[in-house]
Amino acid sequence: MDTRTVAAEFLGTLLLVFFAVGSAVLGAEYVGTVGIALAFGFVLLALAYALGPVSGCHLNPAVTLGFLLVRRITPRKALEYVIAQLVGAVAGAALLFMVAKQVPGLETTGAFGTNGYGYRSAVGINIFGAFVTEIVLTFLVVYVYLTVTRNLVLVGLAGLPIGLALAVTNLVGIPLTGTSVNPARSFGPALFAGADALAQIWLFLIAPLVGGALAALVHGFTHPAEPVGVTRAATGAPEQDPPGPDVPPPDAKPDQP
């Protein structure tokens with residue numbers, strides 16, 4: 001196990017949940033829907049630059065699934081990422097819950113930044129509409145992740161379109177489902193929100209994974225070339241590049257004159 005990448009995914013997901021979901025729990029009446037959407041986008045953008053060179057800054061099992069399906073990450077590493085993301089989300093939600101409890105009169109049961117459909121949706125979207133919404137919204141996020149990176153890590157300006165994609169999905173999705181697009185982001189807060197949130201959590205675990213898988217499938221058609229320069233530490237690949245066609249292996253003897 002590469003503890004650096006796992007720690008980065010844990011820490012990043014913790015911070016994403018605390019700050020982004022926290023904007024909904026602690027400041028919704030002050031910042032509104034646009035402010036919450038921007039909080040999600042800006043937090044992911046900042047973390048992409050901070051953690052992208054370490055782990056790729058997935059912070060989302062749906063993103064990790066997409067990378068697994070396009071073979072940019074090994075199954076073992078993907079499992080490590082998902083566990084770190086889920087644990088980080090629970091830790092971030094617990095920290096947020098502790099802070100929220102210090103605010104007089106703030107209700108922590110029921111919503112608590114969770115996702116929902118039917119009576120738990122701001123517009124009352126039904127279960128089918130919520131499922132389709134989450135698939136489409138997650139598709140955008142994962143597709144952007146896959147197309148702006150040539151390997152597992154985020155470098156250069158790659159964090160910008162990813163942050164923008166998450167902000168846009170929240171602008172569209174908050175009135176509909178509260179915007180999950182991330183099973184970990186939904187799972188952590190739901191544990192502290194109560195039975196109603198937990199009763200609907202299955203949709204926000206499954207639909208984003210379907211959206212991530214579809215994004216990987218479509219990416220294979222639109223960007224069929226194999227990625228190059230995949231990060232070795234994150235993927236578990238050998239530490240040394242295989243020699244190219246014109247480069248002899250290290251133990252090769254020079255030709256005799």
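**Close-up 1. Arg76 pairs with Glu80 through a salt bridge, with 3.4 Å between the closest N and O atoms.** Here a salt bridge means a side-chain nitrogen of Lys or Arg within 4 Å of a carboxyl oxygen of Asp or Glu. This is a predicted model, where local features need pLDDT of at least 70, side-chain atom pairs count only at pLDDT 80 or more, and totals for chains, interfaces and linings use all residues. Residues are numbered from 1 along each chain as its sequence is written, and side-chain values use heavy atoms, leaving out hydrogens and water. Arg76 is exposed, at 58% relative accessible area, while Glu80 is buried, at 10% (buried is under 20%, exposed over 50%, partly exposed in between; 1.4 Å probe, protein chains only).

**Close-up 2. Glu80 also forms a salt bridge with Lys77, the closest N and O atoms being 3.3 Å apart.** Glu80 and Lys77 sit three residues apart in helix α3, so about one helical turn separates them. Lys77 is buried, and so is Glu80. Put together, Arg76, Lys77 and Glu80 make up a network of salt bridges.

**Close-up 3. Phe97 lies in helix α3 (residues 75–100).** Helices are DSSP runs (H or I, at least four residues), numbered from the N terminus. Phe97 is partly exposed, with a relative accessible area of 22%. Setting aside neighbours within four places in sequence, Phe97 is in contact (heavy atoms within 4.5 Å) with Thr108, Phe112 and Phe192. Its C-alpha atom is 9.1 Å from that of Phe18, 79 residues apart along the chain.

Notes
Helices (H or I, at least four residues) and strands (E, at least two) are DSSP runs, numbered from the N terminus.
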